[in-house]
Structures are given as C-alpha cells and as structure tokens.
Amino acid sequence: PRVRRQRQMCIRDRFYIFYLWAIYRGKYTELTATLPQVLIIIILCYLICSIQGGVVLHLRKIYPYQIIMRVFRNVFYFSILTDTVLSVGKFMNICSLFFPAYISTLFLLLSLFRLTFRDILKRFRSQGKNIRYVVLVGSTSNNIEMYHELSDDPSTGYKVNGYFDDKPNPEMPSQCCYLGRPEEVQNYLKKNSYIHYLFCCLPSHRSEIIVPCLLYTSDAADEL
C-alpha cells in the first residue's frame with residue numbers, strides 16, 4: 001500500500017508540475033475542467049491499469065528489463081484509457097504537446113522509481129534482512145540446482161537451512177546441511193515454524209512421504 005500511494009503521488013505531482021508548466025508557457029487552455037477533477041480522473045485510470053501489473057513484492061528475483069516492461073505496459077494502457085476518458089468527457093485537449101510530454105516523463109520517472117526501489121530492497125536483503133527460510137527434500141540434480149539458484153545471490157533474500165534425504169549426498173554443497181531422512185520433515189517443520197518454503201524433489205513413487213508433506217504445508221499456510 002505504501003508503494004502504491006507513492007506511485008499515486010508521483011502521477012499526481014508530475015501532472016501538477018506539467019500543469020504549472022503549461023500555464024507558464026501560456027497553454028493553460030489545454031485543460032477545460034478544474035485541476036482537481038483531472039487529477040482524480042488520472043489517478044483512478046492509473047489504479048485501474050495497474051491492478052494486475054503493479055509491483056510484485058512476492059517475486060524475490062526480478063530483472064531490470066522486467067520492471068521496465070511492466071512500467072511500459074502500465075503507462076501504455078494508462079495513456080489509452082486516460083486519453084479516452086479525458087477526450088470523451090472533454091476535460092482536456094489531448095491533441096496538444098502537453099499530454100504526450102506528461103506520459104513520456106511519467107514513464108521515465110516510474111521506471112527510475114521502481115529500479116531504485118529494487119536496488120534498495122536488494123541491499124536490504126543482502127544485509128540479512130527480509131529473509132525467507134527454505135528446506136529441500138531430496139538431493140537430486142534439480143534440488144542441487146535449486147540450492148544454487150536460491151543461495152548464490154544473497155540479494156534474493158533466501159536462506160536454505162539444509163536438505164532431507166535417505167542419506168547424505170556428497171554432491172550437495174558443503175554449506176547445505178543434511179537434516180535427516182524425508183520421514184522426519186514434518187517433525188522438523190513443527191519444531192521450526194519459521195520455515196517459509198519447502199521444495200520437494202522426491203520421485204513420484206515416494207508418495208507416502210510427498211503427500212503428507214504437501215498436506216502439512218497446505219494446512220500451515222491456511223493458518224497464517
């Protein structure tokens with residue numbers, strides 16, 4: 001919610017600055033409605049366009065190009081919706097230089113804001129804060145790759161406590177502790193309720209272990 005409010009302030013403030021610029025340039029006739037009316041319209045339009053494309057904080061690993069593409073998509077939809085509403089309602093002259101200049105500047109500023117926010121969050125997680133704890137079940141090549149994916153970059157904010165398997169696997173990285181047999185997973189999770197994620201890579205014929213683990217984690221998630 002705080003990030004969304006900051007984006008709304010950015011959209012509102014940028015429009016207000018462009019409005020003052022238009023007045024300074026003698027282009028104040030671009031608006032045919034009151035400034036508060038136009039501000040409310042553009043904020044509502046952006047909220048509609050960003051409902052499904054806002055900042056996804058649950059993604060622990062996201063690349064700069066994904067952020068820029070998400071911003072571009074939101075601003076593109078926003079420009080079309082706002083253009084339509086302001087034109088049909090005759091609130092503003094969209095055919096002037098004012099509106100495209102505002103949209104272009106908005107895209108640049110929102111991209112900069114989100115990239116800066118991403119950098120701050122990565123630094124925060126690199127300091128050991130906002131950590132998500134993980135345990136692995138099985139030590140196949142998939143889980144070995146998963147360990148490296150989660151642990152090699154501290155800025156993703158994951159910490160792998162260890163893995164469960166029938167016996168210690170010498171191919172697992174030495175930093176990944178052996179926690180016991182798969183049958184002991186539920187007891188471990190009960191004693192360590194701070195664990196956020198469990199990744200299971202056991203073969204399908206081990207369903208007598210896989211199913212209880214899935215049911216336990218599902219019940220635990222429902223209690224949160």
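The chain has five salt bridges, where a salt bridge is a side-chain nitrogen of Lys or Arg within 4 Å of a carboxyl oxygen of Asp or Glu. The structure is a predicted model, in which local features need pLDDT of at least 70 and side-chain atom pairs count only at pLDDT 80 or more, while totals for chains, interfaces and linings use all residues. Residues are numbered from 1 along each chain as its sequence is written, and side-chain values use heavy atoms, with hydrogens and water left out.

**Overall layout**

The chain contains seven helices and four strands; helices (H or I, at least four residues) and strands (E, at least two) are DSSP runs numbered from the N terminus. Their order from the N terminus is α-α-α-α-β-α-β-β-α-β-α. Of the 224 residues, 36% are buried. Here buried means under 20% relative accessible area, exposed means over 50%, and partly exposed lies in between (1.4 Å probe, protein chains only).

**Salt bridges**

| Pair | N to O distance |
|---|---|
| D119 and R123 | 2.9 Å |
| D166 and R206 | 3.1 Å |
| E208 and R206 | 3.8 Å |

D119 and R123 are four residues apart in helix 4, and therefore about one helical turn separates them. D119 is partly exposed at 36% relative accessible area, and R123 is exposed at 54%.

D166 forms its salt bridge with R206. D166 lies in the loop between strand 2 (158-164) and strand 3 (178-180), and R206 in the loop between strand 4 (197-200) and helix 7 (207-223), so the pair ties together parts 40 residues apart in sequence. D166 is partly exposed at 31%, whereas R206 is buried at 12%. A network of salt bridges links D166, R181, E183, R206 and E208.

F107 is in helix 4 (residues 98-126) and is partly exposed, with a relative accessible area of 22%. Apart from neighbours within four places in sequence, F107 is in contact (heavy atoms within 4.5 Å) with I68, V71, F72 and V75. The C-alpha atoms of F107 and V75 are 6.3 Å apart, although 32 residues separate the two along the chain.

S79 belongs to helix 3 and is buried at 15%.

M69 is one of the residues of a nonpolar surface patch of about 780 Å², together with Y63, Y65, F72, F76, Y77 and I80.

Conventions. Patch = residues over 30% accessible without salt bridge, like charges linked within 9 Å, V, L, I, M, F, W, Y side chains within 5 Å. Areas by Shrake-Rupley, 256 points an atom, 1.4 Å probe, with all protein chains shown as cover.
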